[in-house]
Amino acid sequence: MSEKHEYSESFTGVSSHSLRADCENCFGLCCAALPFATSVDFAIDKSAGQPCHNLQPNFRCGIHTKLRDQGFRGCTVYDCFGAGQKLSQFTYNGKDWRQAPQSAKQMFEVFPTMWQLQELLWYLTEALALDATQSIHSDLSAALEETGSLTFLSPDALLALDVTAHRAKVNTLLLRTSELVRAEARRQYKNISGRQKSFGRGADLIGAKLKGADLRGANLRGAYLIAADLRGADLRMADLIGADFRDTDLRGADLSNSIFLTQSQLGAAKGDGQTKFPKSLSRPEHWS
């Protein structure tokens, strides 16, 4: 397939395309490897390793254009950060789990590890592009190189990898990135310190009324913003890593230079033509 030539035996850098899902070059791994439960996001229960009944022989989704109407909203917001096509075309050399059923169990078990590594590459690449992180660029570059190299391990080595420990090591740098960016926000926006709400990591903001809130440089790491009203809110230079944006109202909000925002987070939220977000992301199709 067309993606295969982009991978080599060693890590030489990250392209934005390689960190976004490319379903045309994937063996439907998210549709087979991952579990989901009946909820507002999924119409059925499915166990890990059990291919979804909507997955076609060509690894495309049989209801792709009707996923939201059919109760599979969760599928429309998922992004594997390119893990699917990398496993399919490099790790398993283009040989799918139907051609080689003996590899299916292992491939499905390796997928979450590759997903986590690709996610870290997304965050590290963004951190390196920020002016505020100049003082730690060498550390970020080293972490990017190490993480990228891990994605080229064999399937057995990926299964044996302590990805939790690696995430913790990288997270130290991401936390430092957050501190540097938010300190820069305080310097740039001298009027925010007395007006801005301070929530902190993992804040419970489910259903919060934050219309028009000044959240510049806020720490919203892992915040629960489910169904929160953030219409017209200013989230420039806010740390949004891991924040739960399911049904969050972002109409008219400014997230233009927020940090660590992902496509999945945007897709889970509600937005409109006035919502601003980083140029690395795309406007979700379902937004008004």
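Mentor: In this predicted model, Asp249 is buried, with a relative accessibility of 11%. Asp249 forms a salt bridge with Arg231, and the closest N and O atoms are 3.9 Å apart. Both residues lie in the loop between α7 (163–188) and α8 (263–268), so the pair ties together parts that are 18 residues apart in sequence.

Arg231 has another partner, Asp229: their side chains meet in a salt bridge at 2.6 Å, N to O. Arg231 counts as partly exposed at 30% relative accessibility, whereas Asp229 counts as buried at 13%.

A further pair is Arg216 and Asp214, whose side chains form a salt bridge at 2.9 Å, N to O. Here Arg216 is buried, with a relative accessible area of 9%, and Asp214 is buried as well, at 11%. Salt bridges that share partners join Asp214 and Arg216 with Asp234, Arg236 and Asp254 into one network. The count for the structure comes to 17 salt bridges.

Disulfides are another matter: the structure holds 0 of them. The sulfur of Cys31 has its closest cysteine sulfur in Cys30, 3.9 Å away, which is too far for a bond because a disulfide needs the two sulfur atoms within 2.5 Å. For Cys75 the closest cysteine sulfur is in Cys52, at 6.4 Å, also too far for a bond. Cys31 is partly exposed, with a relative accessible area of 23%, and Cys75 is partly exposed at 32%.

How values were computed
Residues numbered from 1 in each chain as written. Predicted model: local features only at pLDDT ≥ 70, side-chain atom pairs only at ≥ 80, totals over all residues. Heavy atoms only, no water. Buried < 20%, exposed > 50% of the residue type's maximum accessible area, 1.4 Å probe, protein only. Salt bridge = Lys/Arg side-chain N within 4 Å of Asp/Glu carboxyl O. Helix = DSSP H or I, 4+ residues; strand = E, 2+ residues; numbered from the N terminus.
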